[in-house]
Amino acid sequence: MMTLTSAFRDSSQVTKLIKLIQTVADPLADKWGRPLQVMEVCGGHTHAIFKFGLDQLFPKSVEFIHGPGCPVCVLPVETIDQALAIAEQPEVIFTSFGDPLRVLGSKKSLLQAKAQGADIRVLYSPLDAIDLAKNNPDKQVVFFAIGFDTTIPSIAFSLLTAAQQGIRNLRFLCHHIRLMPTLMALLVGDDVQLDGFVGPGHVSMVIGANAYHPIAECFQKPLVIAGFEPVDFLQALYQLILQLAQSRCEIENAYARVVTAEGNLSAQQTISTVFDDGVDSQWRGLGVVPGSGVKIKDYYQAFDATQLLSSTVLSLSSAEITDPGYCNAVLTGKLKPDQCPLFRKHCTPENPKGALMVSGEGACAAYYHYKREFCV
């Protein structure tokens, strides 16, 4: 039966694109004396590579570096501790998407706090928090807002909706991060070898293809935006390798049915109404990434959940961070997930030691679920 995704999973197209990639990549790798180093920025792409078995088809002349594009994976310990400090207050109903609940803070996770009696609930939309606040006027409802540029518009819209409806008992604990400052920070560092990027389709839908031009202009690295089906991803990879072979360095869009050059202008306007941009943000595994965060504008301070925190919780020391050091190496491409000494032996989806194993889009979780040679 034909489905909307059938054309993007067509095996004949996959075979054709793999052959094209190999035809271009092999001679280039021979010339350079090493495999081409390609970063798939988004955890969704990492997941797609292994879910559809593309990793078994790629030529050895192409090597992937799994990027930091999973917001749960880079959620810092301090932020989880802040969430716990709010969630365990008796007058609070703490709400969140599901994945962050399993990420460990310095002492425990939100899921463990829920088991100990904290009122923590999973929501599928931040707009649901508005109804929850209306139905519980004697409580403070807090929504744990994380995510990249893709998620920020929905949080900004929910906050504006709550403000327009005069809701006074709803707040947002925001740890949003933006992609472009992160890619720039990766490129400024001298310890990551990258030849080019496969760009995330969903973030690009919001920020637009033009947003990536500094990567090509300032760092001479090509980037091709890709969707999340096999043919989408392989088409983008082929265009990227073709650029390398032709010594070109451009921003190309292989996901034009969704992504435009300018992006979603309405979403960008909503974000700029609610958030100040360019705030330094702490990332798990990467440290402080300058300018990668956002902050609720002073005008909407009444909706900022950090107002519920004491200064002690806001300034937790890095000494309390318990995430394994191996996560940093995986996030920056120095280590493959299966090369981590904890992988599968001590760190599993049921008992994650690091955030990369928590999220379904995390590189370690993708290796665990789909990399065939490690299956027992």
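Visitor: Which element gives the most to the lining of the second largest cavity?

Guide: Strand S2, with four residues. This is a predicted model, so local features need pLDDT of at least 70, side-chain atom pairs count only at pLDDT 80 or more, and totals for chains, interfaces and linings use all residues. Residues are numbered from 1 along each chain as its sequence is written, and side-chain values use heavy atoms, with hydrogens and water left out.

Visitor: What is a cavity, and what is a pocket?

Guide: Rolling a probe the size of a water molecule over the atoms shows where empty space is left. Here a 1 Å grid is laid over the protein atoms alone; a cavity is a set of points where a 1.4 Å probe fits but cannot get out. A pocket is an open set with protein on both sides within 12 Å along at least five of seven lines. Lining residues have an atom within 4 Å of a point.

Visitor: How many cavities of 30 Å³ or more are there?

Guide: Three. Helix H13 (residues 326-331) gives the most, with three residues. A helix is a DSSP run of H or I with at least four residues, and a strand is a run of E with at least two.

Visitor: Which classes of residue line the largest cavity?

Guide: Twelve are nonpolar, one is polar and one is charged. Nonpolar means Ala, Val, Leu, Ile, Met, Phe, Trp, Tyr, Cys and Pro; charged means Asp, Glu, Lys and Arg; the others, Gly among them, are polar.

Visitor: What volume does the largest pocket have?

Guide: About 530 Å³. Of its 22 lining residues, Gln-82, Cys-174, His-175, Val-294 and Thr-306 are the closest to its centre. The lining divides into seven nonpolar, ten polar and five charged residues.

Visitor: At what angle do the axes of helix H6 and helix H11 cross?

Guide: Axes are lines fitted to C-alpha atoms over the stretch in contact, and angles run from 0 to 180 degrees between N-to-C directions. H6 (residues 152-164) and H11 (residues 265-274) cross at roughly 60°, and their axes come within 9 Å. That makes H6 oblique to H11. Under 35 degrees is roughly parallel, over 145 roughly antiparallel, 65 to 115 roughly perpendicular, and the rest oblique.

Visitor: Which residues of H6 and H11 meet?

Guide: Contact means heavy atoms within 4.5 Å. Ile-152, Pro-153, Ala-156, Phe-157, Leu-159 and Leu-160 in H6 meet Ala-267, Thr-270, Ile-271, Thr-273 and Val-274 in H11. Nine of these residues are nonpolar, two are polar and none is charged.

Definitions and conventions. Points joined across faces, edges and corners; volume = space filled by probe spheres on them.
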